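Here is a short briefing to read with the model open beside you.

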Amino acid sequence: MSITRPRGFRAVGLPAGIKSAGTADLALIVNDGPRDTAAAVFTANRVQAAPVLWSREAVADGRARTVVLNSGGANACTGPEGFADTHRTAEHLAAQLEISAQDVLVCSTGLIGERLPMEPLLAGITAATGQLGAGEKADESAARAIMTTDTVPKTAEATTGSGVVVGGIAKGAGMLAPQLATMLVVLTTDADVDAATADAALRAATATTFDRVDSDACMSTNDTVILLASGASGITVSLEELTEAVRAVSADLARQLVADAEGASHDVHVIVRAASTEQAALAVAREIARSNLVKAAIFGNDPNWGRIVSAAGCVPEAVAPFAVQDLSVTVNGVEVCRGGGAHRDRSEVDMTPRETLIEVDLGAGTASGDIWTNDLTHDYVEENSAYSS
C-alpha cells in the first residue's frame, strides 16, 4: 500500500480513453479529512503547463481536497484553451465531489503541445469518483494510471515513531532534472498538521531527494510534487518528525525514478566531498552527472576518471574553488585518481553491478553533496526519438 495507507484517503486509477493504447490513464486521490491541508512544489521551468499554473494558484491557500492526474498528454503549450481545459477538469471533479474547484489540484503528463480529449477525460472522472477505494489495489491502480514511459509503478510509505503514516506514488522515467526532477508525485499523510508545517516539511524533503535526481539534464514543464494531510490520525507531529518521514518516502521514490530511467543499465551515485560549501559540492556533482561523456563511459563499463575530472573542472572557480593537485576520484571503491593524476589501474574497477558509485574529493573544505543519475544508452536515444509516434 502507499497513498491510502495513511488514514483518510481514497484513490483509483482507470483507463479513460486518453491514451490510444487503452491502458490506464486517469487517477484520482481524495482526502476525506477532517483536515484538508495541502502543500506543493512545482517545476522551475519558465514554460509551465496549464495544470501547473492552475494548481500553483489553487494550493496557495494551503488547502486541497483532491488531485486528478492524467497521463497521455501534458496539456503544456496549449494556450488559453489548454488552461480552460484544466479549469473545466477541476470544475467537473468538484461537482462530482460537491466541493469547490479551488480545492482541486490537477496534474498532467505526456506529450507537449497537444490539447487533451476532454470528453473522455470528463467521462473518466465521473466513472472514477464511483470507484474510489482504499487498499493495495486502489494504490497500485493510481500509480499505474500516471505512468508514461515508466516500466513499473512507483510507490512507497513510512511510519513515524508516533504512528503517523506517509505514503506516496510517483511517475517519471525521462526528462529527469532538478527543480524538480521531472515527475508527478503525490504524497499523503494522516498527520494533524497545518499548512505552514506541511509546506516546510515538503520543501526540506524535496531539496535533498527529488532535487538531487538528474537523469538527463532536461527539465519538464509539468513537474509537480503534492503533499496532502488528512489529520485522520489525530496525531500532531513536529516539523522535524514530519520532515523525516516525508524525506524517507521521497528518497525511496526518487531512487525508484533513477532505477527506471529510460534505457538505463547503470544507476549512478555521484558524491562530492571536501568541498568549500554544499552548493559547491552539488555544482560539481551535477556537472559530472550531466556529462554525456561520463554517462557513455559508464554504459561501456569504462571507469574513465579523466572524463570525471574534466567535468569537475568545468565548474567555475567562483562556484567551486579547488586545486587540481588536491583532486581525487574513486569509482566503486577503487581510487583511480589521486592528486589530480593517475593512481590505481582502472582495470581494477568492477563495473558490472547495476549501481555505480563515483566519489570525488576536492580537498577544499568539509562540505559534501550528492546527485543520482544514470548512464546513457542506445535505448534512451531510441525511446526519446520515437516518443511522439
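A residue is called buried when its relative accessible area is under 20%, exposed when over 50%, and partly exposed in between, using a 1.4 Å probe on protein chains only. Please keep in mind that this is a predicted model, where local features need pLDDT of at least 70, side-chain atom pairs count only at pLDDT 80 or more, and totals for chains, interfaces and linings use all residues. Residues are numbered from 1 along each chain as its sequence is written, and side-chain values use heavy atoms, with hydrogens and water left out. Helices (H or I, at least four residues) and strands (E, at least two) are DSSP runs numbered from the N terminus.

**Helix α3**
- Met118, Leu121, Leu122, Gly124, Ile125, Ala128 and Thr129 are the buried residues of α3.
- These buried residues line one face of the helix, because they fall within an arc of 155 degrees seen down the axis of α3; the arc is taken from the directions from the helix axis to the C-beta atoms.
- Their cover includes β1 (9-14), β2 (26-31), β4 (66-71) and α2 (79-97), with contact meaning heavy atoms within 4.5 Å.
- Spanning residues 118-129, α3 reaches 17 Å from first to last C-alpha, close to the 16 Å expected; the expected span is 1.5 Å times one less than the number of residues.

**Helix α2**
- The 19 residues of α2 reach 28 Å between the first and last C-alpha, close to the expected 27 Å.
- Buried in α2 are Gly82, Asp85, Thr86, Thr89, Ala90, Leu93 and Ala94.
- β2, α1 (50-58), β4, β5 (104-109) and α3 are included in what covers them.
- Just after α2, Glu98 has a positive phi of about 60 degrees.

**Ile271**
- Ile271 sits in strand β10 (residues 267-275) and counts as buried because its relative accessibility is 14%.
- Leaving aside residues up to four places away in sequence, Ile271 touches Leu357, Ile358, Glu359, Val360, Gly369 and Asp370.

**The largest cavity**
- A cavity is a set of points, on a 1 Å grid over the protein atoms alone, where a 1.4 Å probe fits but cannot get out; lining residues have an atom within 4 Å of a point.
- The count is 1 cavity of 30 Å³ or more, and the largest has a volume of about 50 Å³.
- Helix α8 (residues 292-299) gives the largest share of its lining, 3 residues.
- Among the lining residues are Val294, Asp302, Asn304 and Met351.

Conventions. 1 Å grid on protein atoms, 1.4 Å probe; cavity = no way out; pocket = protein on both sides within 12 Å on 5 of 7 lines; lining within 4 Å. Points joined across faces, edges and corners; volume = space filled by probe spheres on them.
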